[in-house]
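The tour below goes from one selection to the next.

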Amino acid sequence: MSNQPIRDSALAAENILRSSRHWELLQKRMVKNMQRSVFRVDGRYVAKKYELPLIVRLRRLPWTIEDACLRRLDGDDAPRSFGWLEEIEADRRVVWLLKEYIAGYPVSVFVPSDVPDVARLLARIHSRRIITDDAHPQNFIRSLDGRLMFTDFGRARLHFCHGPFLFVRIGWELAKLRRQGFQWDPDLWASFHPIYFRELGCSAPSRALIWISCEIAIGVRMARKTLQGKASRS
Ligand SMILES: Nc1ncnc2c1ncn2[C@@H]1O[C@H](COP(=O)(O)OP(=O)(O)O)[C@@H](O)[C@H]1O
Ligand SMILES: [Mg+2]
C-alpha cells in the first residue's frame, strides 16, 4: 500500500493490517459508488474495506458508525472493533475497519428455533440504544459455542438517550424485521414479540409507542407499494 494515511482512529487497526499474512475474501460488492470487500485476516480478524472516489461525499460514514456501535457493545452480542484507518490512493479513498472474527455459522434464513435468540439479542442491542437498521438474517452469525451475534452495524443509528424517538425507531426496525427477517411469517412474529418485550423491559407507554410505530411503518410501506402498483407485501 503506497499511500498517505490521513486519519488513524486506532493504532491497533494499522498494526493488524501491517503485520497480517493470510487474507481470505468473504464478500465483495458494489453499493452505490462504494466498493465493499470483507476479508478474514489471519483467521482472527475481519477487515472491511471501503473504496470510493475522493469526490464522493457521504452523509453518514458507515465505518465510524460501525466502530462506534461495536465499541459501545464492547464484545457483547457483537465482535469487538480494533478501529479504522483511512488512506488516500490517487483519486480514491480507502478505509479499513478491523474487527474480531467470529468463528461460526452465518445465518441465511430465520427458522423457528432461532426466534428466541433473535428476540433476546435485538432487545439487548436496542436497550444499549442502538438501532441496527439492517436486521436481516445474513447479518447474524451463530458462533461455534452456540451464541447468536450481530455483525453488521454499517447502517446503524446510535442514540444518546432513551426517549420517544428511540422507541419510534425501534418500531421501524421491528417492521423491517417482520418483512425482511421473518418474510411476513406470522408465527415467527408471534413467538418473537413476547420474548423481545420481556427482555427489553421498558414501560407500558414505551412499549405502546414501539408497537404503534411498527404498525404505522408497515401500513405506510404497504400503502406506498399499492400506490406503485406492486404487491403490498413486496
Ligand atoms: N466479525 C465477523 N466474524 C465472522 N464473519 C463475519 C464477521 N463480519 C462479517 N462476517 C461475514 O461477512 C459477511 C459480510 O459482512 P458484513 O459486515 O455484513 O458486510 P456488508 O456491510 O457488505 O453487508 C457477513 O454476512 C458474515 O457472513
Ligand atoms: Mg451485511
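Start with ligand 1 and the 19 residues around it; Pro79, Ile102, Pro106, Thr151 and Asp152 come nearest. Here a residue is near a molecule or strand if its C-beta atom, placed from the backbone, lies within 6 Å of it. This is a predicted model, in which local features need pLDDT of at least 70 and side-chain atom pairs count only at pLDDT 80 or more, while totals for chains, interfaces and linings use all residues. For selections, residues are numbered from 1 along each chain as its sequence is written, and chains are lettered from A and ligands numbered from 1 in the order in which they are written.

Colour the shell around ligand 1 by class: eight residues are nonpolar, five polar and six charged. Nonpolar covers Ala, Val, Leu, Ile, Met, Phe, Trp, Tyr, Cys and Pro; charged covers Asp, Glu, Lys and Arg; the others, Gly among them, count as polar.

Which strands each supply at least two residues of this shell? Select strand E2 (23–31), strand E3 (34–41), strand E4 (45–53) and strand E6 (92–100). E2 gives the most, with three residues. Strands (E, at least two residues) and helices (H or I, at least four) are DSSP runs numbered from the N terminus.

Next, colour domain 1 (4–100) and domain 2 (104–227) separately. These bounds come from an automatic or database domain assignment. Their C-alpha centres lie 25 Å apart. The contact between them takes 11 residues from domain 1 and 12 residues from domain 2, where contact means C-beta atoms, placed from the backbone, within 7 Å. On the side of domain 1 that touches domain 2 there are eight nonpolar, no polar and three charged residues. Both domains give residues to the shell around ligand 1, so the ligand lies between them.

Move to the open sheet of three strands, in the order E7-E9-E10, with antiparallel pairing. Two strands pair if DSSP finds at least two bridges between them. Strand E7 (104–106) and strand E10 (148–150) are the edges, each pairing on one side only. E7 and strand E9 (residues 140–143) are joined by three bridges; to find one, select Pro106 and its bridge partner Ile141.

Now show strand E5 (residues 81–89) with E6, an antiparallel pair over eight bridges. Glu89 has Arg92 as its bridge partner in E6. The hairpin of E5 and E6 has two residues between the strands, and Ala90 there takes a positive phi near 50 degrees.

Stay on E6 and pick Val94. Leaving out residues up to four places away in sequence, Val94 touches Lys49, Glu51, Glu87 and Glu89.

Finish in the loop between helix H2 (62–73) and E5, where Asp74 sits. Asp74 has a positive phi, near 50 degrees, and is exposed, with 11 other C-beta atoms within 10 Å. Asp77 lies in the loop between H2 and E5 as well. Phi of Asp77 is positive too, near 70 degrees, but Asp77 is partly exposed, with 17 other C-beta atoms within 10 Å. Most residues other than glycine have a negative phi.

Notes: Two residues are in contact if their C-beta atoms, placed from the backbone, lie within 7 Å. A residue is buried if 20 or more other C-beta atoms lie within 10 Å of its own, exposed if 12 or fewer, and partly exposed in between; C-beta atoms are placed from the backbone.
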